[in-house]
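Work through the exercises below with the model open beside you. Try each task before you read its solution.

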Amino acid sequence: MDNFCILKRGYHLSYDHTRFSDFTFKNLRLNLRYFLCGPPQSEGEGIYYRIIHNQQKTCIQCIIFYKTQWVPYHPHDYHPFYIYLDAKNCVEFLLIDDGHHFSKLIPIKKNNRQFTQNITIFLPDHGLTNQLGRISKIFKPKLLPLLPEQIVKWWTINNMAQLKLRSKLIDPWASGLIPDKPTQKDSIIYRLNHLVPLKMFPFAEKDLYFTFRDESICPKCQSLDTLDFMSYYYNNTTGNHFLTKKMTCKNNHTYDIRFNFKKGEIEYF
Ligand SMILES: [Zn+2]
């Protein structure tokens, strides 16, 4: 495990989910729901979680995991949502993956009343939305600990089933993850855009800047690319593990990157 950075230095991990059993907090009751798909419930499926402590702040990382997504088909489907708490264990905000790993910020008011927020797993691509309420069905989440071994196992799969959350899993306060203001875009329209062959609603594309995935920056023109699957390799001599990718940016510059698992960061060549 020494060759994998699974947590930013200075942070601490815990797995005590009695602190948030049933996703009930001082100022929030989070209802998990599903609509036009099923909840993750077969063996090995469920909501993988871990709790990250950063001084007085806490982030509960959850990854909804399905072994298979049928439409469009691919093995292993991961949809993260993160719950951010302050020093008094009040929820400050939620980040949900509302499709294609874009992170959507949902602020939560810090008054004494308990607010109810619905998060629905929606459509066969299993993206999350807060825009559906009672028409979806509630389910009791099956919680599974997101252990270091599990993360490494998912990270080193050498095909599209690979877990593509890397540096923003290691650090849930990393730049490029948390939008500075609540997301305005209509995410359901955005996702429909990606499920049909034509972009029917081009206006829905414009305010998407924050993502759960890593980004690479072209060394020549600074244009940004979101990283998907990367090839895995193991260096026998050093014992180090890497992911590599040949990049071509929007302006046709080519460069090589690799994700260094020991450092937990992207390197450029
Ligand atoms: Zn470029």
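**Exercise 1. Find the residue with positive phi in the hairpin of β16 and β17, and describe the pairing around it.**

Step 1. This is a predicted model, so treat every value as computed from it. Four residues lie between the two strands of the hairpin. Among the residues of the hairpin, G264 takes a positive phi near 70°.

Step 2. Check the pairing. β16 and β17 are antiparallel and share four bridges.

**Exercise 2. Give the strand order of the open four-stranded sheet, and explain which strands stand at its edges.**

Step 1. The order is β14-β15-β16-β17, and the pairing is antiparallel.

Step 2. β14 (231-235) and β17 (265-268) each have a single partner strand, so one side of each lacks a neighbour in the sheet. These two are the edge strands.

Step 3. From one strand to the next, the twist averages 30°.

**Exercise 3. H76 and N252 have positive phi without being glycine. Where does each sit, and is it buried, partly exposed or exposed?**

Step 1. Take H76. Its phi is about 65°. H76 belongs to strand β5, residues 74-85.

Step 2. Count neighbours for H76. There are 16 C-beta neighbours inside 10 Å, so H76 is classed as partly exposed.

Step 3. Take N252. Its phi is also positive, about 65°. N252 lies in a loop, between β15 (240-248) and β16 (254-260).

Step 4. Count neighbours for N252. There are 9 C-beta neighbours inside 10 Å, so N252 is classed as exposed.

**Exercise 4. Which residues of helix α1 are buried, and why do they line one face?**

Step 1. α1 spans residues 148-155. Its buried residues are I151, W154 and W155.

Step 2. Look down the axis of α1. The buried residues fall within an arc of 100°, so they line one face of the helix.

Step 3. Turn to the face pointing away from the buried side. Exposed residues E149 and K153 are found there.

**Exercise 5. Which residues have the most contacts inside the largest nonpolar core, and which elements supply it?**

Step 1. The core holds 42 residues. I60, I63, F81, Y82 and I83 have the most contacts inside it.

Step 2. List the suppliers. At least two residues each come from β2 (28-35), β3 (46-54), β4 (57-69), β5, β6 (91-97), β8 (115-122), α1 and α2 (167-170). β4 gives the most, with seven residues.

Step 3. Follow one residue. Beyond its neighbours within four places in sequence, F81 is in contact with C62, L94, L95, I96, D97, I119 and L128.

Step 4. In soluble globular proteins, nonpolar side chains tend to be buried together.

**Exercise 6. How many helices and strands does the protein have, and what percentage of its residues is buried?**

Step 1. Count the elements: three helices and 17 strands.

Step 2. Of the 269 residues, 29% are buried.

Step 3. Residues 24 or more positions apart account for 59% of them.

Notes:
Residues are numbered from 1 along each chain as its sequence is written. This is a predicted model: local features need pLDDT of at least 70, side-chain atom pairs count only at pLDDT 80 or more; totals for chains, interfaces and linings use all residues. A residue is buried if 20 or more other C-beta atoms lie within 10 Å of its own, exposed if 12 or fewer, and partly exposed in between; C-beta atoms are placed from the backbone. Two strands pair if DSSP finds at least two bridges between them. Axes are lines fitted to C-alpha atoms, for helices over the stretch in contact, and angles run from 0 to 180 degrees between N-to-C directions. The arc is that of the directions from the helix axis to the C-beta atoms. A nonpolar core is a set of buried Ala, Val, Leu, Ile, Met, Phe, Trp, Tyr and Cys residues joined through C-beta atoms within 7 Å. Two residues are in contact if their C-beta atoms, placed from the backbone, lie within 7 Å.
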